[in-house]
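Morning, everyone. Please have the sequence and the model open while I talk. I'll go through a few spots, one after another.

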Amino acid sequence: MKLYNSLSRKIEELKPLKPPLVTLYACGPTVYDYTHIGHLRTYTNIDLLRRSFEYQNFNVKHVMNITDVGHLTGDDDSGEDKLEKKAKGSGKTVWEVAKFYADFFEKSLKALNVLLPKQLVKATDHIKDMIALIQQLQEKGFTYETKEAVYFDTSKFSSYGKLSGQKLTEKLQQARKEVHIDAEKKSPSDFALWFKKQGRFADHEMSWESPWGEGFPGWHIECSAMSMKYLGETIDIHAGGIDHLPVHHENEIAQSEAATGKPFVKIWFHNEFLLVDGQKMSKSLNNFYTIDDVAKKKIESMALRLLFLQTHYRKQMNFTWEAVQAAQLAYRNLQDQITALRQQKERTSLSEDKLSKVDDFRKRFVDATSSDLQIPQALAIMWELLKSNVPSPDKLDLVLDFDQVLGLELVNVKKEQLPQNILELQEKINEARKEKNFEMSDKYRKELEDQGFIVEDTSSGTIVKKK
Ligand SMILES: [Zn+2]
């Protein structure tokens, strides 16, 4: 499997540390707001990555965190904790806020048929692991303490900036009046590992005892602590949105590698942004859509997944309602073709020629998914297969096989129970059409209609439905 590695800026063959095991860590949501379709695009692409490995018989250990503490509104340790901010004045506790949005997140993933990680782990359940890691960093001299926090000293980690390619000196602090910044913090690139429950955080609802007094962890440390706990000190793939690359992932590398002295991640997998009508999603533009908004427009979540599949993960994608409506039509068409294939005759043995064709389709599909996850190409191969002259039962088997990667729930397309005489009429229509005897096929079609059924064409043959 070849993948683009954001760290080397090259496409590389992944050589897992312990094949057939592949360790995959994905940064999860901060559960202070609704999961939107931009997040869902990222998690769908990570799902496609996982499924592609599994299709090739790798055993993927997939871990994801749920951030329910410590993620501040500012990237530079400024601002407030996002969850505490949300809970304030809402009449809910921080814990209730976290639970509500974590549930919505899970519901959204399930709607998109995203396979849930083997471990979906909460930051608040891993405070001890984070404290232990901070202590390890402290013993090795990578931290310093102020009245307000414990910081990671980026000047002590010589390769800081290797992921984003930004030099330390280029990281300038944006001076904003309303923002509180610890006067004792030495450099803008240093980042908090532990915040103390005092000053601006004196009223922080979530807090724990620690060697540095009562407080709560910074955001970045949770991913290092949980990733190492469940997957080991070096993992095969770390995935996330491209917005996490310059700060969050840079900091994860620094603190992990400083603690262990080993490479943290083999391949960094980053997903590009989703735009809505050519613009960044935001509440102020009122273009912040969730799975519920999609359902309100009578669009199935599988149509949204099909739309995501049409753009490569490293390309920006522009979401429009027109595009997702077109995907809905395409998805119906796909479902009809599956029904048509299910309604066709039993298997006959494959000729040598057709057999090699089936093998060729399968090989091309695997090549596409293995070449930096070219899912749009894999999807095109599936449509091409549907149009091909591969016999129906084999076509159906192969499409359902491909769907283990694509995840379009095609296996759930039901086989309608049609009366025997209707099936016979359908068969006669197919035969007559094959012989280009349109008079006869029309006659049978009318007979079928008189009995309350309609016949429709798809590129995989006819499909019969109740009127
Ligand atoms: Zn993370």
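First, a term: helices (H or I, at least four residues) and strands (E, at least two) are DSSP runs, numbered from the N terminus. Now the ground rules. Residues are numbered from 1 along each chain as its sequence is written. This is a predicted model, where local features need pLDDT of at least 70, side-chain atom pairs count only at pLDDT 80 or more, and totals for chains, interfaces and linings use all residues.

Lys-298 lies in the loop between helix H7 (291-296) and helix H8 (301-309). Its phi is positive, about 60°, although Lys-298 is not a glycine. Is Lys-298 buried or exposed? Here is the scale: a residue is buried if 20 or more other C-beta atoms lie within 10 Å of its own, exposed if 12 or fewer, and partly exposed in between, with C-beta atoms placed from the backbone. Lys-298 has 9 other C-beta atoms within 10 Å, so it is exposed.

Asp-372 is another non-glycine with a positive phi, near 55°. Look for Asp-372 in the loop between helix H10 (352-370) and helix H11 (375-387). It has 18 C-beta neighbours inside 10 Å, so Asp-372 counts as partly exposed.

One more backbone item. The peptide bond from Pro-19 to Pro-20 is cis, with omega near 5°. Pro-20 sits in the loop between strand S2 (10-13) and strand S3 (21-26).

Next, the annotated site. An unreviewed UniProt entry places the feature "binding site" at Cys-27, Cys-223, His-248 and Glu-252. These four span 226 residues in sequence, yet no two of their C-alpha atoms are more than 10.9 Å apart, so they gather at one spot. A caution: UniProt positions are in the numbering used here, feature names are shortened, and annotations may be inferred rather than shown by experiment.

Take Cys-223, in helix H5 (residues 220-231). Cys-223 is buried, with 28 other C-beta atoms within 10 Å. What does Cys-223 touch, not counting residues up to four places away in sequence? Contact means that the C-beta atoms of two residues, placed from the backbone, lie within 7 Å. By that rule, Cys-223 touches Cys-27, Asn-65 and Glu-252.

Glu-252 belongs to helix H6 (residues 245-260). Glu-252 is buried as well, with 26 other C-beta atoms within 10 Å. Leaving out residues up to four places away in sequence, Glu-252 touches His-220, Cys-223, Ser-224 and Phe-264.

Now zoom out to the domains. The chain divides into domain 1 (2-271), domain 2 (320-412) and domain 3 (420-466). Those bounds come from an automatic or database domain assignment. The centres of domain 2 and domain 3, taken over C-alpha atoms, are 24 Å apart. Across the boundary, 12 residues of domain 2 are in contact with nine residues of domain 3. Which helix gives the largest share of the domain 2 side? H9 does, with six residues.

Last, a sheet. Three strands form an open sheet in the order S13-S12-S14, with mixed pairing. Strands pair if DSSP finds at least two bridges between them. At the edges are strand S13 (279-280) and strand S14 (317-319), and each pairs on one side only. Strand S12 (residues 274-276) and S13 are antiparallel, over two bridges. In S13, Lys-280 is the bridge partner of Leu-275.
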